[in-house]
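Please keep the sequence and the structure in view while working through them.

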Amino acid sequence: MKKLMMSISSAITLAVTHPAAIRAQQFFDHVCPSFWWTGMKWSRVQILFHAEENLQLAQVSTRYPGVKILQVHHVENPHYLFVDLQIEPDAKPGDIPLLFKITERRHLVYPYHLYPRNPDDGKTRALGVNSRDFIYLLMPDRFANGDTLNDRVAGMLDQSLNRDSLTARHGGDLQGVIDHLDYLKDLGVTAIWMTPVLENNEAHASYHGYAFTDHYRVDPRLGTNALYKKLVEQAHQMGLKVIQDIVLNHVGEQHWFVRDLPMKDWLHQWPRYTNTSYRESPLFDPYASSSDKKQMSDGWFTPFMPDLNQRNPYLANYLIQNAIWWVEYAGVDAFRIDTYIYCDLNFMNQFNAALLREFPHLHLFGETWVHGVLPQAYFVRNKLNMPFQSNLPGVCDFQWCFAVQHAFTEKNGWTSGIVEPYLTLAQDFVYQDPMKNVIFLDNHDMSRIYSVVGQDIRKFESAFTLLLTSRGIPQMYYGDEILMKGISAPDGLVRKDFPGGWPGDTVNKFSDAGRTETENIAFHFIQNLAHFRQQSEALREGKLMQYVPEGNVYVYFRYTAHESIMVAINGNDDTVSVSTNRFAESLHGYKKAFDVLHHQMIEDISRFHLPPYGSLVWQLKP
Ligand code: CA
């Protein structure tokens, strides 16, 4: 996408108009955004032009109906020009001939292309993700290799390719995901979140994707921009949504704009290297020092990931336009925003507002790896009367995750063990809309849930019962359905290849036949509940009523006017028998139940029995 082809007709016209014009695509090595659209709300576009030449004296002009140049910015680095274009509502799609007068004697014309905006935004694409969905998080390099020709790409810095290494490239790609969309559909997920797919041309450990080196290009080891767009389209045709993972806080040290910075304050520069403290408290602490606050937000996430200064207005435009570009180009349905809490929060509000104004259905949720409901709530739309108010719709609900993990790993006490999910949800009063939070049992940075619960299949199942029946948007991590194990020390141990995803794999766990009996139990447990959830209004969007856990048994109901689901989790290492008298308020009018986990009718709901750490899901019947 770096160098756009000039259409033949416009090239001829321009060549005639400006005999001195040369092929401008060869002159500029980066034009961002590489093209734009008519009919966008973001109609004042700031285009970055970069060349290995001095642009200090350059002037830019154009004649195109409905388009005018508002301003041309010369910045510290003479290799850059920022050109502000106003695209009026009556502008037609086509090539805008931008005439660059580089020097008195050197002129060239760059045809900047305008496409028509997709009329299906919000209807068949850019749909948003909500509590009716079930998200599957996967890492493309480690999920499936659908194209072995792109495993190693000549010219890229990381030439590793070794499936036995935790940090090397393994060869998985977008085609591998496309090839398994039917598998995901069959499992019962409705949305795919891939860890970032943009170019990471770093020398080492480039597989994880969180160190962008080009914001407008899918990493060639994963595929092409066109293939990414095709993946989204095919997923949509199958009723699956796609979430794009974006990073606004930092980039890779090999990013082309880091190698030749537009201006010094494009990045957070420190006299000597300063890491972020990873401590978010100073951001809201009434007693915080300014230096602590600055270190949290402006310190670097790692020495290899330069920290972006989003208070720089050129960079702010760059990031916002890039995100809008990807939604309009590929039609993705949501953004998961990496390292959200390390970004400049005023910029993030500006970013969120711009994206939601352009795509009102889009969902945005941020990574908020903090400890405590209050710290987490600070970063999302909340009911706290604080000087700073976030407009972020949802978060990755780490507090819910920790609580559920503790339910099966901590000793039961007044505030610990099975009571933790209950206590955590009781604090939902701080959120504007907790249903927009993404809940999960693990992710690519955390130990896998099966290992967390000590490889206890019943605890594993009950954790998934909580995931698929609680409030919010459930998200699972690839391979959990086949009981993949791993403690996240280091990360690579929880990012192993999905067996069967590579040509020549000796086992294929994408099929029943390739899975062990226990793995099939796990797979079908998730599949059953996920499919039930798809047609259960109460689980998808119902209200929640929960009861104070007694005897270490946690009981709650999800309900609408038409359906009521009862869920019970046994937090004891013993079998329990529980009278349902205490839940009369929720059971009023019901006599029987459909046992969702065992597919049988329960004729008497006055009492239930649960094995150690077992769970039940009852669809109540009159
Ligand atoms: Ca490949």
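Two strands count as paired if DSSP finds at least two bridges between them. The model examined here is a predicted one.

**Exercise 1. State in which sense β2 and β8 pair, and identify the partner of Trp36.**

Solution. Step 1: strand β8 covers residues 106-116, and its pairing with β2 is parallel, over three bridges. Step 2: Trp36 has Leu114 of β8 as its bridge partner.

**Exercise 2. Determine the strand order of the sheet that contains β2, and explain which strands stand at its edges.**

Solution. Step 1: the sheet is open and has four strands, in the order β2-β8-β7-β4, and the pairing is mixed. Step 2: β2 (36-38) and β4 (59-62) each have a single partner strand, so one side of each lacks a neighbour in the sheet, and these two are the edge strands. Step 3: on average, neighbouring strands of this sheet are turned by 35° against each other, direction ignored.

**Exercise 3. List the protein donors of the calcium ion and explain why their arrangement is irregular.**

Solution. Step 1: the donors are Asn145 (OD1), Asp147 (O), Asn150 (OD1), Asp151 (OD), Gly171 (O) and Asp173 (OD), at 2.3 to 2.4 Å from the calcium ion. Step 2: ideal angles for six octahedral donors at a metal are 90 or 180 degrees. Step 3: the six donor atoms here subtend angles of 65 to 161°, and the arrangement is therefore irregular. Step 4: along the sequence, the donor residues follow the spacing N-x1-D-x2-N-D-x19-G-x1-D. Step 5: Asp151 and Asp173 both lie in the loop between α3 (140-143) and α4 (174-179), so this pair ties together parts 22 residues apart in sequence.

**Exercise 4. Decide whether Asp151 and Asp173 are buried or exposed.**

Solution. Step 1: a residue is buried when its relative accessible area is under 20%. Step 2: Asp151 has a value of 11% and is therefore buried. Step 3: Asp173 has 0% relative accessibility, so Asp173 counts as buried.

**Exercise 5. Find the buried residues of helix α8 and state how they are placed around its axis.**

Solution. Step 1: in α8 (residues 290-298), the buried residues are Met296, Ser297 and Asp298. Step 2: these residues cover an arc of only 165° around the axis, so they lie on the same side of α8.

Notes. Residues are numbered from 1 along each chain as its sequence is written. This is a predicted model: local features need pLDDT of at least 70, side-chain atom pairs count only at pLDDT 80 or more; totals for chains, interfaces and linings use all residues. Side-chain values use heavy atoms; hydrogens and water are left out. Axes are lines fitted to C-alpha atoms, for helices over the stretch in contact, and angles run from 0 to 180 degrees between N-to-C directions. Donors are N, O and S atoms within 2.8 Å of the metal (3.2 Å for Na, K and Ca); water is not among the atoms, so sites may look incomplete. Four donors count as tetrahedral if all angles lie between 85 and 135 degrees; four count as square planar and six as octahedral if opposite donors are over 155 degrees apart and all others between 65 and 115; anything else is irregular. Buried means under 20% relative accessible area, exposed over 50%, partly exposed in between (1.4 Å probe, protein chains only). The arc is that of the directions from the helix axis to the C-beta atoms.
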